[in-house]
Amino acid sequence: MNRILTACAAAAVILTAVSCTKEGPSRFKGNYTFKTSGTITVRPEGDDQAGTTVFTLSDENGQMDVVARDKSSGDMVVAMNILGGSVLTFDAVADGMRMNITPFTRQLTVPVIEEGVFEVVPPVATVTVTGYAERYADALLFRLEYEGSYTFRDVKYEIVGSDISCWAKEN
């Protein structure tokens, strides 16, 4: 009998814990410290036979605020105050346990290094950012994808791949 009562009590605790898991905007809203890093893979535009080059992007860090715009629809606004840079804002939609980023456009400096020489004026790419975030304990993990292009020394390059992550720890 004690075993049955213990099993029922354990099941009740598990069901209570599962039912209390936040979903939607309340799961993501808050103030965070973030760091974004990753790589982009590029090749000359329209040349499928050309080799690709992988560039490691400069890390971005700072403060992030995630606020609910409309709790019923899950609409949210994310504001990233990049240390030594500008403010980046974008929309997102909280959908259950995931926050989906509404695609937005931003400027991205491409850290070009050729033959061991760092380019004094690196090219700037216009990229469309897509992706999502998931919450882990007191942090958000954003998985981002960059698509876009830039021109460097009269050659237009396209971004054909990216591996970008942003870790945001709640303050």
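## Largest pocket

The largest pocket of this predicted model has a volume of about 240 Å³. A pocket is an open set of points on a 1 Å grid over the protein atoms alone, with protein on both sides within 12 Å along at least five of seven lines. Grid points are joined across faces, edges and corners, and a volume is the space filled by probe spheres set on the points.

Fifteen residues line the pocket; Ser58, Glu60, Arg106, Leu108 and Thr109 lie nearest its centre. Lining residues have an atom within 4 Å of a point. β6 gives the most, with four residues. Strands are DSSP runs (E, at least two residues) and helices likewise (H or I, at least four), numbered from the N terminus. By class, the lining has seven nonpolar, six polar and two charged residues. Ala, Val, Leu, Ile, Met, Phe, Trp, Tyr, Cys and Pro count as nonpolar, Asp, Glu, Lys and Arg as charged, and the others, Gly among them, as polar.

## Largest cavity

A cavity is a set of grid points where a 1.4 Å probe fits but cannot get out. The count comes to one cavity of 30 Å³ or more. The largest cavity has a volume of about 80 Å³. Its lining includes Thr36, Glu60, Met80, Phe104, Arg106 and Cys166. β5 (87-95), β6 and β10 each give two or more residues to this lining. β10 gives the most, with three. Nine of the lining residues are nonpolar, one is polar and two are charged.

Glu60 and Arg106 line this cavity. Glu60 and Arg106 are also among the residues nearest the centre of the largest pocket.

## Ala137

Ala137 sits in the loop between β9 (124-136) and β10 (139-152). Ala137 is exposed, at 70% relative accessible area; exposed means over 50% (1.4 Å probe, protein chains only). Ala137 and Lys169 are 32 residues apart in sequence, and 9.3 Å apart in space, C-alpha to C-alpha.

## Confidence

Mean pLDDT (the predictor's confidence in each residue, from 0 to 100) is 87 for the chain, and 84% of residues reach 70 or more. Where pLDDT is low, the predicted coordinates should not be read in detail.

## Conventions

Residues are numbered from 1 along each chain as its sequence is written, and side-chain values use heavy atoms, with hydrogens and water left out. Local features need pLDDT of at least 70, side-chain atom pairs count only at pLDDT 80 or more, and totals for chains, interfaces and linings use all residues.

Methods. Buried means under 20% relative accessible area, exposed over 50%, partly exposed in between (1.4 Å probe, protein chains only).
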